[in-house]
Amino acid sequence: MEEKTIQIAGSITVDELSKALGLSVTELIGTLFKNGIVATINQRLDFETASIIIDELGIKNVKLERKNTATKTSEGFRHELSEKAVSRPPVVAVMGHVDHGKTTLLDTLLHKKTVEGEAGGITQHISAYQLEHNDRKITFLDTPGHEAFAAIRQHGAMLTDIVVIVVAADDGVKPQTVEAIKFAQSANAKIIVAINKIDREGADIPRTMADLAQHGLQPEEWGGDIVMVPISAKRGDNLEKLLDMILLTADIEELKADVDIPAEGLVIESHMEVGKGSVVNLLVTGGELKTGEFIVAGSAYGKVRTMVDFKGKPKGKATPSTPVTVTGFKELPNFGDRFMEASDEKTARKMALFNAQSQADETASANVTSGDLLRMMNVADNTKTFNVIIKGDVLGSVTSVVDSLKLIDTKGEITLNIVSTGVGDINENDVYMAAGDNTVIYGFNVSVPINISKMAARDGVTIRTYRVIYELLDDAKHEMEDLLDAEIIEEDKGELKVLGVFRTEKTSIIAGGEVLKGDVKPEYLIRVVRDKKFLGEAKVTSVQKEKIDVKELVAGETGGLAIATKSRIDLQIGDRLNFFVREAKKRTL
Ligand code: GDP
């Protein structure tokens, strides 16, 4: 059968899908209906819904493909290079498990390698910086919430040439180390391992290397292909060697970019500042960005009014791999949006409008989502909603948190409902929105004014603030876990054959018998079985052997039982009592 591919840019209407599948609209609407969706011909279905429906219809020769719209950042981002491409500095991301020393490494490098006095002036958080080592430049990404791999994976993957994975020598490989390895591999970035904290007492370099080897990173020293540099981020040991290795890796990779093309790159941070308007950090990946040029990022556009480097020094021109901060965007572009130079204002406006349109097509108008579909299908009644409001210091961190939250696998049982998001401190409006709806407010790098926490306490609203995204995600996960129904686990304990029934009352029985297998103890639950048929459930209240209370009877022994029942059970000789215990176990995500 001929294979057919249908491209979907975010969502597709019932009409379009039926045409693409060669089905009648009625047939498609019928199938949707069978799955609990009442759809009209113009209803939009998202990608997942469309694929589930195609599955339902048993259509095998059609492949659905996500079509990238103009604003998508990753696809096709790295161009075929022309012959005129020139070398560019490597772009490096530092990743690793929380507390293994990423921040310390980035800080020490920044202060060691930037001219004294200049670095002292850097007080604000910066999302990327450039160092000079052996007269060459290296760009480090220090995105807000760089712990949130998930967000970087979505937005920054194409930027990163080299991932430095920081592993503490006294702690070894941890979950986020593994995440970092996976990220680097999926982003096609080169990996260099920095074995950190070698100044610590418990540091064990060979063991850490063995640990890494077990996770697929074979140290060069042992004949593998991964460079591992033992360092102390705190004391600064071996950092020069680490930088040497970064440059060496960059040389092998022959990193290049074209400069005679219109400037382009990625938005790595954006926020509003009083008096300046939008302040946007960009990383140039191709071409040369100059002040006065028009740029577009997603649905935002503007003219580069001012441009400074990470130290705040004015820069007239930014070449590939250079991080800069610009003002002039008329509205805030999103973290992760690709930016492009436009020839003039009219073109910029048109491109922004086009992007806005594609974005709208992609998200807002999909009025049946796969979540709806799943809910309508069967998991329906069990799904619970976890309502959150997210506030962050900059747009980048809000996006990171939202993206990462969405990636928590809730096994289809919990719907994450992001009530609102915003930049800035937690305010009255947030509390107002959260009140009465079991909504948790999460703040990342923001504060809670006293009057607001009082108001929240009064209204019973929970506010949680964090400085580390990982901790926020962990807590959110636990809160979602609390919403899950507990798992009931039953464990069989033993079996008894009834040999005598001495007394039967409405809610109690005294009987005796022989334990055939396992054991019986007070508090065990009982399934009463006659001829393999279940008669009822009961509970052992006490166990006796030769008329004396004992803790247990085991297989082979005979004795008496006092049993509690909910309603009368007329036990008979020959009945079987199956003993078990039942435990409600908290489930995890
Ligand atoms: P991050 O969560 O990965 O960014 O970790 P941090 O950079 O915040 O470091 C966590 C803790 O480890 C801090 O208390 C650091 O001072 C400490 N630390 C980081 N690097 C080193 C190191 O090389 N040696 C020692 N002794 N402590 C370190």
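Tyr129 is buried, at a relative accessible area of 1%, where buried means under 20% relative accessible area, exposed over 50% and partly exposed in between (1.4 Å probe, protein chains only). Before going further, note that this is a predicted model: local features need pLDDT of at least 70, side-chain atom pairs count only at pLDDT 80 or more, and totals for chains, interfaces and linings use all residues. Residues are numbered from 1 along each chain as its sequence is written, and side-chain values use heavy atoms, with hydrogens and water left out.

Back to Tyr129, then. The ring of Tyr129 pairs with that of Phe140 in a tilted arrangement, 5.7 Å centre to centre with 35 degrees between the planes. For rings of Phe, Tyr and Trp (its six-membered ring), a pair needs centres within 6.5 Å; planes under 30 degrees apart count as stacked, over 60 as edge-to-face and the rest as tilted. Tyr129 belongs to strand E7 (residues 128-133) and Phe140 to strand E8 (residues 136-141), 11 residues apart. Helices (H or I, at least four residues) and strands (E, at least two) are DSSP runs, numbered from the N terminus. Phe140 is buried as well, at 1% relative accessibility. Bring in Phe310 and you have a cluster, with ring pairs linking Tyr129, Phe140 and Phe310. Searching the whole structure turns up four aromatic pairs.

Another of these pairs is Tyr442 with Tyr466, again tilted, at 6.0 Å centre to centre and 35 degrees between the planes. Tyr442 sits in strand E23 and Tyr466 in strand E24, 24 residues apart. Both tyrosines, Tyr442 and Tyr466, are buried.

Have a look at strand E21 (residues 384-392), which runs parallel to E22 and is joined to E22 by nine bridges. If you want a spot to check, Ile389 has Ser420 in E22 as its bridge partner.

Next up is helix H13 (residues 450-459), whose buried residues are Ile452, Met455 and Ala456. Why do they end up on the same side of H13? They span an arc of only 100 degrees around the axis, the arc being that of the directions from the helix axis to the C-beta atoms. The other side of H13 has Ile450, Asn451, Lys454, Ala457 and Arg458 exposed. Helix H12 (428-434) and E24 are included in what covers the buried residues of H13. Just past H13, Gly460 adopts a positive phi of about 70 degrees.

You can read helix H2 (residues 25-34) in a similar way. Leu28, Thr31 and Leu32 are buried there. They, too, cover an arc of only 100 degrees around the axis, so they sit on the same side of H2. Thr26, Phe33 and Lys34 are exposed on the other side of H2. Packed against the buried residues of H2 are helix H1 (14-21), strand E3 (44-46) and helix H3 (47-56).

Now for a loop. Between strand E13 (264-273) and strand E14 (277-286) you'll find Lys276, partly exposed at 43% relative accessibility. Leaving aside residues up to four places away in sequence, Lys276 touches Arg305 and Thr327; contact means heavy atoms within 4.5 Å. Lys276 and Thr327 are 51 residues apart in sequence, with their C-alpha atoms 7.0 Å apart in space.

One more side-chain arrangement is worth a look. The charged end of Arg527 sits over the ring of Phe580, 3.9 Å from its centre; this calls for NZ of Lys or CZ of Arg within 6 Å of the ring centre and within 35 degrees of the ring normal.

Finally, the chain as a whole. The secondary structure comes to 14 helices and 32 strands, and 48% of the 589 residues count as buried. Of the contacts between residues at least 6 apart in sequence, 71% join residues at least 24 apart.

Definitions and conventions. Two strands pair if DSSP finds at least two bridges between them.
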